[in-house]
Amino acid sequence: MNIENKEFVYIVDDDEAVRDSLRWLLEGNGFFVKSFESAEKLLEIANAHSSDLRGCLILDVRMPGITGIELHDELLNLGINLPIIFITGHGSVSLAVRSMKKGAIDFLEKPFNDKQLCSLVTNALKKSKEEKFENESNSKSKALLDKLTPRETQVLERIVAGRLNKQIADDLTISIKTVEAHRANIMSKVEARTIADLIKTALSANMNISK
């Protein structure tokens, strides 16, 4: 499946009338929508083209076969963490709490307010875009740090931890001039113009910081 570079609202509900109603509502409010009659149908795409799934998911809790809650678990196991809005006619506080702990952003009982749903979808898509940007930024930072030699990585860890050149030299038993040379190489490889840029890149890549 070759999906355009858009954020979609995926609807999974075994009730055709509900799917159609949601599609008309959301498309009428400018959203791009794809609907599925079962969790199994969405999982086929998730298993084959996980990177194509971008956006958010409106998911019925109770369905024949794989339930909405089970589908959420399956997606998480595949590393797919779409913002999810659960809808149900049989809501329970305990079920809602468990779903929210796993990352669902809301749990709506039928019938729900159309404006409320559209507002939740807008927020879910915003969250999806923010997470996509953060993931891309983290990946870029890790790729830049992978250019460093083991020694440069040791120096960088200490720079980010706030160590001075002399302290780094003492830590690693090298000269201050060698530390300065490593700093210059690190700045170049990581494409950082300032120490602040360097620290942002290191933190974005979740670098382990030496004490």
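Predicted model: local features only at pLDDT ≥ 70, side-chain atom pairs only at ≥ 80, totals over all residues.
Trainee: Which residues does Arg-151 touch, and in which helix is it found?
Mentor: Arg-151 is found in helix H6, where helices (H or I, at least four residues) and strands (E, at least two) are DSSP runs numbered from the N terminus. Not counting residues up to four places away in sequence, Arg-151 touches Leu-172, Ile-174 and His-182, contact meaning heavy atoms within 4.5 Å. Arg-151 and Val-179 are 28 residues apart in sequence, and their C-alpha atoms are 9.8 Å apart in space.

Trainee: What makes H6 and H9 roughly perpendicular?
Mentor: The axes of H6 (residues 150-160) and H9 (residues 195-204) come within 10 Å and cross at roughly 105°. Axes are lines fitted to C-alpha atoms, for helices over the stretch in contact, and angles run from 0 to 180 degrees between N-to-C directions. Angles under 35 degrees count as roughly parallel, over 145 as roughly antiparallel, 65 to 115 as roughly perpendicular and the rest as oblique. H6 and H9 are therefore roughly perpendicular to each other. Their contact is made by Leu-156, Ile-159 and Val-160 of H6 and by Ile-195, Leu-198, Ile-199, Ala-202 and Leu-203 of H9.

Trainee: How do you know that the buried residues of H2 lie on the same side of that helix?
Mentor: The buried residues of H2 (residues 39-48) are Ala-39, Leu-42, Leu-43, Ile-45 and Ala-46. They cover an arc of only 160° around the axis, which puts them on the same side of H2; the arc is that of the directions from the helix axis to the C-beta atoms. On the other side of H2, Glu-44, Asn-47 and Ala-48 are exposed. The buried residues pack against strands S1 (8-12), S2 (32-36) and S3 (55-60) and against helix H3 (68-77).

Trainee: What makes S2 and S5 the edges of the sheet?
Mentor: The open sheet has five strands in the order S2-S1-S3-S4-S5, with parallel pairing, and two strands pair if DSSP finds at least two bridges between them. S2 and S5 (106-109) each have a single partner strand, so one side of each is left without a neighbour in the sheet. From one strand to the next, the twist averages 20°.

Trainee: How do you know that S1 pairs with S2 and with S3?
Mentor: Five bridges join S1 to S2, and Val-9 has Val-33 in S2 as its bridge partner. S1 and S3 likewise pair in the parallel sense over five bridges, with Val-12 standing opposite Leu-59 in S3.

Trainee: Why is S3 described as largely enclosed?
Mentor: Six of the six residues of S3 are buried, so S3 is largely enclosed by the rest of the structure. S3 also pairs with S4 over four bridges in the parallel sense, Asp-60 having Ile-87 in S4 as its bridge partner.

Conventions. Residues numbered from 1 in each chain as written. Heavy atoms only, no water. Buried < 20%, exposed > 50% of the residue type's maximum accessible area, 1.4 Å probe, protein only.
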